[in-house]
Amino acid sequence: MNHSEQLNLINDAINKTKEQLKPTSVNFIFWGILITLMSLIHYLFPEFIQKTTYSSLIFWTIIPVIGMVLTIVYNIKTGIRMGYETHIGRALKLVWSVFNVAWIVLIIMAFFKKQNPVQDILFLLGVILLISALLIRFKPLIIGGICVIACSVLITLSPHINTLLINAIAAFVGLFVPGLSLYLSKKHV
């Protein structure tokens, strides 16, 4: 196999992965909408979300865990329906599994340190989005990952900025927009 054939084989695998990810782009759309809405609801109704010492923690943990279960079930059903998996698709599944575990660990650490985990979670999300985007060579996701990391940096540099609004912007620009772009993309993006 010559160099040109090897490159074509790699590009075919990447394009097949993009097609495979197209149905699961619903995950990006779902999480973009869910996190944006949760952030806006918390911002608009802080007295409801922060009613007790633990109500905010419950709001930001229980709803995402339910969302995780829903997306895992959806992804399993989608995988069974598709009937195949590429190596890049498997790598992405592992990367996002690591993100889920790291997200839970960050929540637990923030609870014990009594700190807001948004900045750390946004940084982690941005890195995972960039890894995913670079694996599948999808520019809107690269831009989304960079925007999410930029939001994390903005929170670090401007600690008085409202993290809920920044979180909403990061979720919308970093998850929803690239997810919708991937969902609407034509074959062999």
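Visitor: Which residues in H6 meet H7?
Guide: Keep in mind that this is a predicted model. On the H7 side, the contact takes in Thr163, Ile166, Ile169, Ala170, Val173, Gly174, Pro178 and Ser181. Facing them from H6 are Pro140, Leu141, Gly144, Cys147, Val148, Cys151, Leu154 and Ile155.

Visitor: Are H6 and H7 roughly parallel or antiparallel?
Guide: The axes of H6 (residues 139-157) and H7 come within 8 Å and cross at roughly 175 degrees. An angle over 145 degrees counts as roughly antiparallel. That crossing therefore makes H6 and H7 roughly antiparallel.

Visitor: How many residues of the contact of H6 with H7 are nonpolar?
Guide: Let's sort them by class. No charged residues take part, and 4 are polar. The nonpolar ones number 12.

Visitor: How far apart are the end C-alpha atoms of H7?
Guide: H7 covers residues 163-184, which is 22 residues. At 1.5 Å a residue, the helix should span 32 Å. The model agrees with that, as the end C-alpha atoms are apart by 30 Å.

Visitor: Where is the kink in H7 centred?
Guide: H7 bends by about 30 degrees along its way.

Visitor: Which residue caps the N-terminal end of H7?
Guide: Look for a side-chain oxygen that lies 2.8 Å from the backbone nitrogen of Leu164. The residue that supplies this oxygen, and so caps the helix, is Asn162.

Visitor: Is H5 roughly parallel or antiparallel to H7?
Guide: The axes of H5 (residues 118-136) and H7 come within 11 Å, crossing at roughly 10 degrees. Angles under 35 degrees count as roughly parallel. H5 and H7 are therefore roughly parallel.

Visitor: And how do H4 and H5 run, roughly parallel or antiparallel to each other?
Guide: H4 (residues 87-113) packs with H5 at an angle of about 180 degrees, and their axes are 10 Å apart. The pair is therefore roughly antiparallel.

Technical notes
Residues are numbered from 1 along each chain as its sequence is written. This is a predicted model: local features need pLDDT of at least 70, side-chain atom pairs count only at pLDDT 80 or more; totals for chains, interfaces and linings use all residues. Side-chain values use heavy atoms; hydrogens and water are left out. Helices (H or I, at least four residues) and strands (E, at least two) are DSSP runs, numbered from the N terminus. The expected span of a helix is 1.5 Å times one less than its number of residues. The bend at a residue is the angle between axes fitted to the seven residues ending there and the seven starting there. A polar contact is a pair of N or O atoms within 3.5 Å; within protein, one must be able to donate a hydrogen and the other to accept it, and residues adjacent in sequence count only if both atoms are side-chain atoms. Axes are lines fitted to C-alpha atoms, for helices over the stretch in contact, and angles run from 0 to 180 degrees between N-to-C directions. Angles under 35 degrees count as roughly parallel, over 145 as roughly antiparallel, 65 to 115 as roughly perpendicular and the rest as oblique. Contact means heavy atoms within 4.5 Å. Ala, Val, Leu, Ile, Met, Phe, Trp, Tyr, Cys and Pro count as nonpolar, Asp, Glu, Lys and Arg as charged, and the others, Gly among them, as polar.
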